Amino acid sequence: PAEADAVEGSISAITGIDPGAGIMTATENAIEAYGLQVGLIEASDAAMTAELDAAIQNEEWIIVTGWSPHWKFAAHDLKYLEDPEEVYGGEESITTIARLGLEEDHPAVFELLENFHWTDDEIGAVMDMNAQDSDFEANADLWIEENRDLVDGWIPEGLEGNGEKIEILLVEWECALASSNVVAAILREAGFEVSLTSVDAGVMWSSIAEGDADFMTTAWLPGTHASYIEQYGDDIVEVRTNYEGARIGLVVPSYVPFDSIEDINN
Ligand code: PBE
């Protein structure tokens, strides 16, 4: 892949994330729609935020594929570039998706998923803990302890496991790490044997559609994962929106002296 040549005053590439992410397809579309003379580097959420940190340390220009909720907005002074062509769409919701049959097999688990939803501050607190210390399991346990009333409100009567296996999939996006570790911790506490497996976005969707895994908490709709819902929509269950007001786009440090995607090459 091309190097991120983020020298002050010029941008030769946008720092992206994993190729299965919807924001990568959207960014390819943006490069086309705006006729941008830039590459798009494949990386991961963690690698992208490391590049962003390094660029900001040196006050260099950098453009990343960015989204909220994400702790990078709490850690740095950032802005979304305007998108007059609306390539990145509007407000998104994060939705919990289950395999067909989960409701019949584990009604109380399904009911927990129907109840699970949280605010920007709530997911933000977990993401902040995860940004400080990557023991995601311990952070989820601690956050649950500190938010017992909220969490108890999600737990349906009869949520009780006897070591039954529940398989959760995620992609290592910060928002997904936060939500899936919290739900996993609730299920472990209730007596289920939970596995949490990181995969590519495409595998996450296809595995749930094929019934090889039970659920995920990180479908971005209606825009970011539109192609996945088109492909797999008949073979999955949309359980509920767990977060409202999500957004994707191109993000830069506030000191970068342009405000619109149109101006990237000017
Ligand atoms: N994201 C974060 C994902 C969904 C969660 C916006 C990077 C994407 O598919 O683009």
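Me: By class, how many nonpolar, polar and charged residues does the shell around the ligand have?

Reply: Nine are nonpolar, four are polar and none is charged. In this scheme Ala, Val, Leu, Ile, Met, Phe, Trp, Tyr, Cys and Pro count as nonpolar, Asp, Glu, Lys and Arg as charged, and the others, Gly among them, as polar. Keep in mind that this is a predicted model, where local features need pLDDT of at least 70, side-chain atom pairs count only at pLDDT 80 or more, and totals for chains, interfaces and linings use all residues. Residues are numbered from 1 along each chain as its sequence is written.

Me: Which residues of that shell are closest to the ligand?

Reply: A residue is near a molecule if its C-beta atom, placed from the backbone, lies within 6 Å of it. Here 13 residues surround the ligand, and the closest are A21, G22, I23, W67 and W173.

Me: Which helix and which strand each supply at least two residues of the shell?

Reply: Helices (H or I, at least four residues) and strands (E, at least two) are DSSP runs, numbered from the N terminus. The two elements are α1 (22-33) and β8 (215-221). Domain 1 (13-90 + 248-263) and domain 2 (92-245) each give at least three residues to the shell; the bounds come from an automatic or database domain assignment.

Me: What is phi at E59, and is E59 buried or exposed?

Reply: A residue is buried if 20 or more other C-beta atoms lie within 10 Å of its own, exposed if 12 or fewer, and partly exposed in between, with C-beta atoms placed from the backbone. E59 has a positive phi of about 50° although it is not a glycine. E59 counts as exposed because it has 10 C-beta neighbours inside 10 Å.
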